[in-house]
Amino acid sequence: MKELKIDPELKDLLPPLTDEEYKQLEKNIVENGFDKNFPIMEWNGFIVDGHNRYYICKKHNITDYVVGTLAYETKEEVMEWMLDIQLGRRNLSPIQRIAIAEKYRSIYEKQAKKNQSDAGKIYGIGKEKLVTNSSQANYEEKERNPTVRKILSDVAGVSEDTYSKGKKILDSGNEEVKEKVLSGEMSINAGYNKIREITNKKENICN
């Protein structure tokens with residue numbers, strides 16, 4: 001069967017299975033064989049979906065696994081495909097969706113820079129390209145080139161405010177609060193308020 005390679009950047013975009021999930025997947029494949037309805041997907045020889053199934057097949061010398069090929073031209077397109085698959089396949093909480101979307105921030109930041117550059121070429125060169133109604137121009141600009149936060153919040157299926165609060169929790173470095181929100185024990189709003197409370201206390205102590 002086709003030997004596949006691992007791209008660390010692509011692999012790290014995928015949320016890891018828990019030990020229990022991995023053991024259950026391994027048990028299913030060993031006892032029931034590889035499910036050919038769900039092929040391992042590759043791009044340019046690199047696995048983009050099915051790392052765990054590939055490892056399990058190799059470990060147990062299972063050779064009848066099926067490999068499908070993605071025909072995208074760029075790695076960014078592949079990464080966006082992976083994002084769609086992840087968000088569509090699992091029953092995820094809002095904070096989990098935010099955590100996944102954040103892994104793809106670099107893609108959308110790159111796209112936003114390109115859009116801004118293209119907009120500058122349209123509006124900044126030649127009198128015929130200038131818009132006299134600045135408010136209309138700003139509105140059209142926002143419609144064409146939404147902020148990265150707006151794009152990512154749409155991808156995650158949450159409001160920009162919720163996304164911003166979720167990101168602050170994920171970036172806070174407070175593992176206790178983060179784990180409670182990720183597990184569902186604490187809401188995003190409650191976690192965000194807790195992070196603010198802790199931050200304010202620290203600032204007051206320093207002052």
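Helices here are DSSP runs of H or I that hold at least four residues, and they are numbered from the N terminus.

**Figure 1. His51 in helix 3 of the predicted model.** The structure shown is a predicted model, and in it His51 belongs to helix 3, which covers residues 51–59. Is His51 buried or exposed? Its relative accessibility is 5%, and because buried means under 20%, His51 counts as buried. Leaving aside residues up to four places away in sequence, His51 touches Ile6, Lys11 and Leu14.

**Figure 2. The largest pocket and its lining.** The largest pocket has a volume of about 900 Å³. Of the 30 residues that line this pocket, Leu17, Asp49, Asn52, Arg53 and Arg89 are the closest to its centre. Helix 1 (8–12), helix 2 (19–32), strand 2 (46–49), helix 3 and helix 4 (75–89) are the elements that give two or more residues to the lining. Which of the elements gives the most to the lining of the largest pocket? Helix 4 does, with five residues. When the residues of the lining are divided by kind, 15 are nonpolar, seven are polar and eight are charged.

**Figure 3. The largest nonpolar core, with Val48 among its members.** In soluble globular proteins, nonpolar side chains tend to be buried together. In this model the largest nonpolar core has 35 residues, of which Val48, Met82 and Tyr104 touch the most other members. The elements that give two or more residues to this core include strand 1 (40–43), helix 5 (94–102), helix 6 (105–123) and helix 11 (188–206), while helix 4 gives the most, with six residues. Val48 itself, not counting residues up to four places away in sequence, has contacts that include Leu10, Leu14, Met41, Trp43, Val78 and Met82.

**Figure 4. Two asparagines with a positive phi.** Asn44, although it is not a glycine, has a positive phi of about 55°, and its place is in the loop between strand 1 and strand 2. Its relative accessible area is 52%, and because exposed means over 50%, Asn44 counts as exposed. Asn61 is not a glycine either, and it has a positive phi of about 55°. The place of Asn61 is in the loop between helix 3 and strand 3 (67–69), and with a relative accessibility of 65% Asn61 counts as exposed.

**Figure 5. The region of residues 134–143, with the confidence of the model.** The mean pLDDT of the protein is 84, and 83% of its residues reach 70 or more. Over residues 134–143, however, pLDDT stays under 50, and for these residues the model has four contacts beyond four places in sequence. Where pLDDT is low, the predicted coordinates should not be read in detail.

**Figure 6. The close-ups placed in the whole protein.** How many helices and strands does the protein have? There are eleven helices and three strands, and along the sequence they follow the pattern α-α-β-β-α-β-α-α-α-α-α-α-α-α. Of the 207 residues of the protein, 32% count as buried. Among the contacts with a separation of 6 or more, 67% are accounted for by residues 24 or more positions apart.

How values were computed
Residues numbered from 1 in each chain as written. Predicted model: local features only at pLDDT ≥ 70, side-chain atom pairs only at ≥ 80, totals over all residues. Heavy atoms only, no water. Buried < 20%, exposed > 50% of the residue type's maximum accessible area, 1.4 Å probe, protein only. Contact = heavy atoms within 4.5 Å. 1 Å grid on protein atoms, 1.4 Å probe; cavity = no way out; pocket = protein on both sides within 12 Å on 5 of 7 lines; lining within 4 Å. Points joined across faces, edges and corners; volume = space filled by probe spheres on them. Nonpolar A, V, L, I, M, F, W, Y, C, P; charged D, E, K, R; others polar. pLDDT = per-residue confidence, 0-100. Core = buried A, V, L, I, M, F, W, Y, C linked by side-chain atoms within 4.5 Å.
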